[in-house]
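Here is a friendly note to go with your first look at this model. Please keep the view open beside you while you read the points below.

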Amino acid sequence: MIYFDNAATSLWKPPEVEEAVIRALKTAGNAGRGAHEPTLLASRIVYDARAKLAELFGVGNPSRIAFTCNATEALNTAISGILRPGDHVITSVCEHNSVLRPLYRMEKQGVELSFLEADEKGRIRYEMLEPLLQKNTRAVVITHVSNLTGNVTDLERVAVFTKAHGLWLVVDASQSAGVLPIRAEQAGIDVLCFTGHKGLLGPQGTGGLYVREGINAAPWKVGGSGIQSYSREHPADMPAALEAGTLNVHGIAGLGASAAYLLRIGTDNVWKQEKELAYRFAKGVRELPGVTVYGDWSGENRVGIVSFNLEGEDSGRISDLLWEDYGICVRAGAHCAPLMHRALGTEKQGAVRFSFSHKNTVEEVDFAVRAVRELALG
């Protein structure tokens with residue numbers, strides 16, 4: 001088996017992730033719910049993971065990072081927590097449904113939406129930012145990396161715009177966390193939402209969000225917190241404000257271990273290796289008859305994602321053939337990115353997506369190129 005579906009979830013995990021999860025399963029109690037050793041150990045595990053993620057994302061105060069079960073929960077928490085009826089939001093057609101659907105729900109509650117369009121290569125039209133600005137614009141909610149094209153958003157340009165107009169910048173880092181260097185405070189990011197099971201190389205069921213100091217996001221859910229139990233109101237201070245209920249301490253233990261691994265090897269190295277594999281694969285298939293490769297390949301500002309189609313073939317069929325005949329794992333279909341497919345003209349066909357890990361090899365990539373060549377040539 002050759003696994004090229006890392007944009008959906010990373011299969012390879014650092015050995016220390018498994019070790020940390022098993023150790024926590026055997027020793028950790030419920031964080032913040034007592035004063036005995038198992039619960040104190042759980043609290044230390046959670047704090048250690050919080051501190052390592054803060055370091056990884058360039059955040060000075062670890063308490064500004066709250067844990068969730070994935071990026072979807074983080075984005076719902078952020079979007080519902082900072083927007084109010086009458087607000088206006090600018091987003092883009094590159095977004096995943098984890099951004100779009102919470103925004104559509106807020107739209108029903110009186111939030112206005114405007115969309116940055118993209119060109120035929122999936123590149124965001126940043127020149128539309130100023131024309132879309134309204135008096136009631138509150139935030140820009142945008143992906144850091146398109147999960148379909150692999151294009152990297154120019155966050156520096158967007159942050160200049162948000163800072164100039166006093167707007168909040170909310171970033172979906174689902175495809176960039178653990179792969180691209182992120183310095184959230186330095187970059188002017190107000191809210192950063194991430195998942196643990198993709199580039200961060202952690203367990204499924206983990207994720208979180210960074211909320212900068214000065215922004216008080218209303219909690220999406222309320223309940224037990226282990227503190228202020230006699231109050232009718234959920235605690236307002238971070239991170240407890242956004243962490244109602246029992247945390248996934250076992251998963252967080254693994255996430256902390258994966259963050260430590262990434263800090264040790266450097267996200268620059270991860271990005272470089274994954275990008276080199278993507279360029280090698282794209283170069284090998286883009287000249288094949290009937291193959292269309294999507295995204296912007298004119299520069300280096302992209303990640304290890306390659307999406308393509310074979311003329312006249314359904315993307316799902318190609319994906320099935322790659323698995324059944326060659327043992328290659330990829331993703332096909334809409335990728336929860338409906339507006340991006342509309343921009344690329346691939347609504348009916350979907351797309352076949354290869355997404356690489358820094359643990360994939362050149363030999364695996366070359367084998368995949370040969371497989372696609374055989375499918376293209378019949």
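1. A definition to begin with: a salt bridge is a side-chain nitrogen of Lys or Arg within 4 Å of a carboxyl oxygen of Asp or Glu. Please bear in mind that this is a predicted model, where local features need pLDDT of at least 70, side-chain atom pairs count only at pLDDT 80 or more, and totals for chains, interfaces and linings use all residues. Residues are numbered from 1 along each chain as its sequence is written, and side-chain values use heavy atoms, with hydrogens and water left out.

2. With that rule, Glu-243 and Arg-50 join their side chains in a salt bridge at 2.8 Å, N to O. Glu-243 sits in the loop between β8 (207-211) and α8, while Arg-50 belongs to helix α2 (residues 37-56), so this pair ties together parts that are 193 residues apart in sequence. Helices (H or I, at least four residues) and strands (E, at least two) are DSSP runs, numbered from the N terminus.

3. Are these two partners buried or exposed? Glu-243 is buried, with a relative accessible area of 10%, and Arg-50 is buried too, at 8%. The terms work like this: buried means under 20% relative accessible area, exposed over 50%, and partly exposed in between (1.4 Å probe, protein chains only).

4. The count of salt bridges comes to 16. Another of them pairs Arg-264 with Glu-16, at 3.1 Å from N to O. Because Arg-264 lies in helix α8 and Glu-16 in helix α1 (residues 15-27), this pair ties together parts that are 248 residues apart in sequence. Arg-264 is exposed, with a relative accessible area of 56%, whereas Glu-16 is partly exposed at 24%.

5. Arg-317 and Glu-313 also meet through their side chains, in a salt bridge of 2.9 Å, N to O. Arg-317 counts as partly exposed at 43% relative accessibility, and Glu-313 counts as partly exposed at 25%. Elsewhere, salt bridges that share partners join Asp-119, Arg-123 and Asp-296 into one network.

6. Which residues does His-250 touch, leaving aside residues up to four places away in sequence? They are Val-21, Ala-24, Leu-25 and Ala-28, where contact means heavy atoms within 4.5 Å. His-250 is placed in helix α8 (residues 249-265) and is partly exposed, at 27% relative accessibility. From C-alpha to C-alpha, His-250 and Lys-163 are 38 Å apart in space, and 87 residues separate them in sequence.

7. His-341 is another histidine to look at, in helix α11 (residues 338-344). This residue is buried, with a relative accessible area of 2%. Its contacts, again not counting residues up to four places away in sequence, include Leu-148, His-335, Glu-347 and Ala-351.

8. On the surface, Asp-314, Asp-320, Glu-324 and Asp-325 gather in a patch of negative charge. Patches are made of residues with over 30% relative accessible area and no salt bridge; like charges are joined within 9 Å, and nonpolar side chains (Val, Leu, Ile, Met, Phe, Trp, Tyr) within 5 Å. Asp-314 is found in the loop between β10 (305-310) and α10 (315-326) and is partly exposed at 42%.

9. Finally, Met-1, Leu-11 and Trp-323 make up a nonpolar surface patch, with about 370 Å² of accessible area together. Met-1 lies in the segment before β1 (2-3) and is exposed, with a relative accessible area of 65%.

How values were computed
Areas by Shrake-Rupley, 256 points an atom, 1.4 Å probe, with all protein chains shown as cover. Lys, Arg positive; Asp, Glu negative; His and termini not counted. Charge placed at Lys NZ, Arg CZ, Asp CG, Glu CD.
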